Amino acid sequence: MRVQGNEAAQEIISAVQQANNRGVADVIVICRGGGSLEDLWPFNDELLARCVFQSPLPVVSAIGHEIDFTILDFVADMRAPTPSAAAEMVVPSRRDLKAATERLRERLASALRQRLGAYRQTLTLQKRLLSDPTSLLQNLRLRIDHLQSNLIYSLKDHQALRSHRLHDILRRLKTNSPQHTITSQKKHLSQLQKSIINSIQNTTQTKLTQTKNATALLTAVSPKAVLERGYSIVYTDPANCIVSSSKQVTPGDKLRIFTNAGTIKSQVTAAS
């Protein structure tokens, strides 16, 4: 597999994809020695960066020397300054593994001791409680009898209180019967109903009179009534503006004259 040149990026992509597809590796290390910027350029390829970023297997980048950086370093799961450092990262030393195993063994032994101690305390407590089951059952029986007696007395007292309150409520209802109030309110409601009907009738009559007067007034001042009295309305043609002064027209202007019996079209010959 080439690690420089125009085809290097595609070959590395293929290798990463094969490692993921085979499922036999735990980690992928992409490394090479130092070189010029052109030699390391394939590791700046966008497709390679996307492939490494999406890789299910963790990827360690170890390109060039410690001072060399490529895009691959920023998308990989971890960057090693040199290929040898990458090997140390993914394959820990036997001494470190042994130390880690020893620490885990000690933690496991401590956890087991604590768990066994808790079980011993629980077992001791259970033994104390079960040392004389007859006494325990007798105490429970006495407690149940006491609770039963309290419950019976409580129910009797509650029932008596409820009965007393019910009789008191019935007595108060009979004393303060709402029948008188209902009768009085019915009479008051009937009076209000008659008053409202009279008010509506008076208001309606008043509005009818006002409407008739307004109708007569509108009829008297309507343009149609004016035309019926022999007057006419003059409009300019085609501007359709009312002519109220001779200064609004000049000789030659066309006019439309509205009368009660129809429309007359004319032309101005003189205006003074």
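Author: The account below takes up a sheet and its residues, and then turns to a helix elsewhere in the chain.

The model is a predicted one. The sheet in question is open and consists of three strands in the order β4-β5-β6, with antiparallel pairing. Because β4 and β6 (residues 263-267) each have a single partner strand, they stand at the edges, and one side of each is left without a neighbour in the sheet. On average, neighbouring strands of this sheet are turned by 25° against each other, direction ignored. Strands of a sheet pair through backbone hydrogen bonds, in either a parallel or an antiparallel manner.

The two pairings may be taken in turn. β4 and β5 run antiparallel and are joined by five bridges. In this pairing, Asp237 stands opposite Lys254 of β5. β5 and β6 are likewise paired in the antiparallel sense, over five bridges. Here Arg256 has Lys265 of β6 opposite to it. These two strands form a hairpin with four residues between them, and in this hairpin Gly262 adopts a positive phi near 160°.

Beyond the residues up to four places away in sequence, Arg256 touches Ile233, Val234, Tyr235, Thr236, Asp237 and Asn240, together with Thr263, Ile264 and Lys265.

One of those contacts, Thr236, can be described from its own side. Thr236 is a residue of strand β4. With a relative accessibility of 15%, Thr236 is also classed as buried. When its neighbours within four places in sequence are set aside, Thr236 is in contact with Cys241, Val243, Lys254, Leu255 and Arg256.

The connection between β4 (233-237) and β5 is a loop, and Gln248 is found in it. Gln248 is partly exposed, its relative accessible area being 39%. Apart from neighbours within four places in sequence, Gln248 is in contact with Ile242, Val243 and Asp253. For Ile242 there is a further detail: its backbone oxygen lies 3.3 Å from a polar atom of the Gln248 side chain. Gln248 and Ala271 are separated by 23 residues in sequence, and their C-alpha atoms are 9.0 Å apart in space.

The buried residues in α1 are Ala8, Ala9, Ile12, Ile13, Val16 and Ala19. They cover an arc of only 140° around the axis, and therefore lie on the same side of α1. Among the elements covering these buried residues are β1 (28-32) and α2 (46-53). The face turned away from the buried side carries the exposed residues Asn21 and Arg22. After α1 comes Gly23, with a positive phi near 65°.

Terms used. Residues numbered from 1 in each chain as written. Predicted model: local features only at pLDDT ≥ 70, side-chain atom pairs only at ≥ 80, totals over all residues. Heavy atoms only, no water. Contact = heavy atoms within 4.5 Å. Buried < 20%, exposed > 50% of the residue type's maximum accessible area, 1.4 Å probe, protein only. Polar contact = N/O pair within 3.5 Å; in protein donor to acceptor, adjacent residues only side chain to side chain. Pairing = 2+ DSSP bridges. Axes fitted to C-alpha atoms, helices over the stretch in contact; angles between N-to-C directions. Arc of directions from axis to C-beta.
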